[in-house]
Amino acid sequence: MSPVDIVRMLSLAAIWGASFLFMRVIAPVIGSVPTAFFRVSIAAVGLLVILGLMRISWDFTGKLKPLMVLGVINSGLPATLYSIAALVLPAGYSAIFNATTPLMGVLIGALFFSEKLTAAKFSGVFLGLLGVGVLTRAGPVAFDMQLLMGALACLLATTCYGFAGFLARRWLDQAGGVDSRLSALGSMLGATLFLLPVFGYSIVTAPPVSWGGWSVWLSLLGLGLGCTAFAYIIYFRLLTSIGPVKSMTVTFLIPPFGVLWGALLLDEPLSMAHVYGGVLIALALWLVLKPAVVRPLHG
């Protein structure tokens, strides 16, 4: 991996780690649905401006509809679920739960897409779930129904990511791919259109008590433009440069940044649960992502 790719990966981990910090600031003030809607809509507008300035050809090669559906699965639903989790979970918790994405990918691939489930991957899934259990039972947050609901929301979000990865390969890689920047834009447009009526209904039936001050709206801009639009561009460049498997290892680095930002900027408590749960999940990810050993054939 080149030094440029290492910088990209570290930058992406730091940016995505900060997204949990921003959601922790925004969601308790304006609510989970408005947080999710503004995140994807601001990202969509930001990408429109960026691609316009870059003079990208607007050729979706007939795949705009699949991209928009993927946007719902990969952005709209997870953004909402993580915003719900941010109502009750510290940012560091959400960041560590996010690291279970490859584990969910392994389970979904084996159950729905005929992917081979090796002993190492099965062990990785077990250790990952154990790490999540350790984190939820031994952390500084009280173990109660709210914690369980927040953890479930995070795990449902990573399940969405797992499905989206396989569906993207099936829907978009046939008959030539789509420019990665257009893929990002199409998915954000789909997520925005999906959340628009949900946002409208939530505003009519249960409007936020407060729309927050400058800190909330600056956090929204950071979440939408920085952690979503800009991060997508870095991610797709990384994907092109080092491939999907190595790119997934960015999930190793997101939890430390998520915990760090939460501790430094929100004074969130740290405990040994972060260490125990994080180590178990890191080991699980290594088992899932390590290349298979190819045994030589002896004639």
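Visitor: Which axes come within 8 Å and cross at roughly 135°?

Guide: In this predicted model, the axes in question belong to α1 and helix α4, which spans residues 91-98.

Visitor: Which residues of α1 and α4 meet?

Guide: From α1 come Phe20, Leu21 and Arg24, and they meet Ala91, Ser94, Ala95 and Asn98 of α4. Sorted by class, the contact of α1 with α4 has 4 nonpolar residues, 2 polar and 1 charged.

Visitor: Why would residues three or four places apart point the same way?

Guide: An α-helix has 3.6 residues a turn, so residues three or four places apart point the same way.

Visitor: How many residues of α4 are buried?

Guide: A residue is buried if its relative accessible area is under 20%. In α4, 8 of its 8 residues are buried, and the helix is mostly covered. The buried residues are Ala91, Gly92, Tyr93, Ser94, Ala95, Ile96, Phe97 and Asn98.

Visitor: Where does Ser19 lie, and is it buried or exposed?

Guide: Ser19 lies in helix α1, residues 3-30. With a relative accessible area of 4%, Ser19 is buried. Apart from neighbours within four places in sequence, Ser19 is in contact with Arg39, Leu223 and Cys227.

Visitor: Arg39 also belongs to a helix contact. At what angle do α2 and α3 pack?

Guide: The angle between α2 and helix α3 (residues 64-86) is about 140°, and their axes are 8 Å apart. That makes α2 oblique to α3. α2 makes a right-handed crossing as it passes α3.

Visitor: Which residues make the contact between α2 and α3?

Guide: On α2 they are Ser32, Thr35, Ala36, Arg39 and Val40, and on α3 they are Ser75, Ala79, Thr80, Ser83 and Ile84. By class, the contact of α2 with α3 holds 4 nonpolar, 5 polar and 1 charged residues.

Visitor: Now the rings. How many aromatic pairs does the count come to?

Guide: Rings pair if their centres lie within 6.5 Å. By that rule, the count comes to 10 aromatic pairs. One of them is formed by Phe38 and Phe199, with 5.3 Å centre to centre and 70° between the planes. Planes over 60 degrees apart count as edge-to-face, and this pair is edge-to-face.

Visitor: What does the pair of Phe38 and Phe199 tie together?

Guide: Phe38 lies in helix α2 (residues 32-54) and Phe199 in helix α8 (residues 180-205), so their pair ties together parts 161 residues apart in sequence. Phe38 and Phe199 are both buried.

Visitor: Which residues do ring pairs link into a cluster?

Guide: The cluster consists of Phe37, Phe38, Phe199, Trp211 and Trp217, linked by ring pairs.

Definitions and conventions:
Residues numbered from 1 in each chain as written. Predicted model: local features only at pLDDT ≥ 70, side-chain atom pairs only at ≥ 80, totals over all residues. Heavy atoms only, no water. Phe/Tyr/Trp six-rings, centres within 6.5 Å; stacked < 30°, edge-to-face > 60°. Helix = DSSP H or I, 4+ residues; strand = E, 2+ residues; numbered from the N terminus. Buried < 20%, exposed > 50% of the residue type's maximum accessible area, 1.4 Å probe, protein only. Axes fitted to C-alpha atoms, helices over the stretch in contact; angles between N-to-C directions. Parallel < 35°, antiparallel > 145°, perpendicular 65-115°, else oblique. Left-handed = near helix turned anticlockwise from the far one by under 90°. Contact = heavy atoms within 4.5 Å. Nonpolar A, V, L, I, M, F, W, Y, C, P; charged D, E, K, R; others polar.
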